[in-house]
Amino acid sequence: MLFDLAMDRPVATTWMPPRACEDYWSEFRHCKSFMNRFHQYYAYGSVPSCHQWKEDYNNCREWKKSRSTETQEALQRSERKRVAEQKNFDPVWELRCEPPKDWHLPLNQDNTQDS
């Protein structure tokens with residue numbers, strides 16, 4: 001708990017969900033959309049489970065009504081799990097610390113390479 005040193009009393013800290021409740025609903029609707037389900041099935045061979053997005057939306061709405069610690073902790077667990085899952089993937093591009101040595105030279109238009 002934080003204290004206001006000038007008044008020597010506790011300061012109320014307000015926790016807010018990491019996203020707006022409408023964002024959870026939007027993610028749920030996108031997850032359930034035909035195009036997303038078709039893409040997921042084509043790319044990965046299975047349709048995604050959208051249950052967590054709906055549960056997060058319901059927890060967010062419940063937290064806005066009652067400010068209960070259970071719904072707060074549920075939202076925090078869900079977001080931590082989502083961030084941990086994202087860290088499992090390697091970046092697509094290799095990050096550079098400096099530009100290539102020949103970045104300032106004109107492009108060779110005569111040399112057509114097959115990409």
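I started with helix H1 and looked at the face turned away from its buried side. Glu22 and Arg29 sit there, both exposed. The model is a predicted one, and I read it as such.

Next I looked up the other side of H1. I found Cys21, Tyr24, Phe28 and Cys31 buried. These four lie on the same side of H1 because they cover an arc of only 90 degrees around the axis. I noted the general rule: an α-helix has 3.6 residues a turn, so residues three or four places apart point the same way.

What covers the buried residues of H1? I found that the cover includes H2, helix H3 (51-66) and helix H4 (69-86).

I then checked the span of H1. The helix runs over residues 21-32, 12 residues in total. From first C-alpha to last I get 17 Å, close to the 16 Å expected at 1.5 Å a residue.

I moved on to the surface. Phe34, Met35, Phe38 and Tyr42 make a nonpolar patch of about 580 Å². I placed Tyr42 in helix H2, residues 34-44. Is Tyr42 buried or exposed? I found Tyr42 exposed: its relative accessible area is 68%, and the cut-off for exposed is over 50%.

Last, I took the whole chain. I counted four helices and two strands, in the order β-β-α-α-α-α. The chain has 115 residues, and 19% of them count as buried.

Technical notes
Residues numbered from 1 in each chain as written. Predicted model: local features only at pLDDT ≥ 70, side-chain atom pairs only at ≥ 80, totals over all residues. Heavy atoms only, no water. Buried < 20%, exposed > 50% of the residue type's maximum accessible area, 1.4 Å probe, protein only. Patch = residues over 30% accessible without salt bridge, like charges linked within 9 Å, V, L, I, M, F, W, Y side chains within 5 Å. Areas by Shrake-Rupley, 256 points an atom, 1.4 Å probe, with all protein chains shown as cover. Salt bridge = Lys/Arg side-chain N within 4 Å of Asp/Glu carboxyl O. Expected span 1.5 Å × (residues − 1). Arc of directions from axis to C-beta. Contact = heavy atoms within 4.5 Å.
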